[in-house]
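I opened my notebook to look through a new model today. Here is what I looked up, in the order I went.

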Amino acid sequence: MELDEALEALEGGGEMKVRETPLGDKLSATTPTGEDWHAAGDELEAVRKVTGEYEDVAVRAYHACEDGDVDEEEMQRVLAEADVEEPWRVIGRVENIPVSVNKARELATQNN
């Protein structure tokens, strides 16, 4: 499944959010009803793809936004160091990271 397909499946509803857990911070996705994804098929595959591949960059981006304020230099560094393609496309969709897809893309492509 390509990233486009995974994001499209997730956009049908629900949310992506970084959650602080006793075992560490995790990127999670919930259904439109607020439940964890238990369904089979494309939606579950999409959740696994995005959370598996983008969890590290999402958690780092989350920590670059302490108290809702975005540390743009840190966010730029996080996006530049990401080991995934087009990390801004996922970061801009994580509910508790206050950065839009366009702003994340701008930060990722700045040459500082």
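My entries below go from the overall layout to single residues.

**Entry 1: the layout.** I note at the start that this is a predicted model. I looked up the secondary structure and found five helices and two strands in the chain. Reading from the N terminus, I wrote the order down as α-β-β-α-α-α-α. I also looked up burial: of the 112 residues in the chain, 38% are buried.

**Entry 2: the two strands.** I turned to strand E1, residues 15–21, and strand E2, residues 24–30. How many bridges pair E1 with E2? I found seven, and the pairing is antiparallel. For a landmark on screen, I picked Val18, which has Leu27 of E2 standing opposite.

**Entry 3: a negative patch.** Next I looked at charge on the surface. Which residues gather in the patch of negative charge? My list reads Glu2, Glu5, Glu8, Asp42, Glu43, Glu45 and Glu85. I then asked which helices supply at least two residues each, and these are H1 (3–10) and H2 (42–63). H2 gives the most to the patch, with three residues.

Entry 4: Glu2 lies in the segment before H1. Is Glu2 buried or exposed? Its relative accessibility is 56%, so I put Glu2 down as exposed, the cut-off being over 50%. Glu43 belongs to helix H2. Its relative accessibility is 37%, and therefore I count Glu43 as partly exposed. I also looked up how Glu43 sits relative to Ala6: the two are 37 residues apart in sequence, while their C-alpha atoms are 7.5 Å apart in space.

**Entry 5: a backbone angle to remember.** I stopped at Glu86, where phi is near 45°. I marked this because the value is positive and the residue is not a glycine. Where is Glu86 found? I located Glu86 in the loop between helix H3 (72–81) and helix H4 (88–91). With a relative accessible area of 33%, Glu86 is partly exposed.

**Entry 6: what I would show a colleague.** I would start with the antiparallel pair E1 and E2, then turn to the negative patch, to which both H1 and H2 contribute. I would end at Glu86 and its positive phi.

Methods. Residues numbered from 1 in each chain as written. Predicted model: local features only at pLDDT ≥ 70, side-chain atom pairs only at ≥ 80, totals over all residues. Heavy atoms only, no water. Patch = residues over 30% accessible without salt bridge, like charges linked within 9 Å, V, L, I, M, F, W, Y side chains within 5 Å. Areas by Shrake-Rupley, 256 points an atom, 1.4 Å probe, with all protein chains shown as cover. Salt bridge = Lys/Arg side-chain N within 4 Å of Asp/Glu carboxyl O. Lys, Arg positive; Asp, Glu negative; His and termini not counted. Charge placed at Lys NZ, Arg CZ, Asp CG, Glu CD. Helix = DSSP H or I, 4+ residues; strand = E, 2+ residues; numbered from the N terminus. Buried < 20%, exposed > 50% of the residue type's maximum accessible area, 1.4 Å probe, protein only. Pairing = 2+ DSSP bridges.
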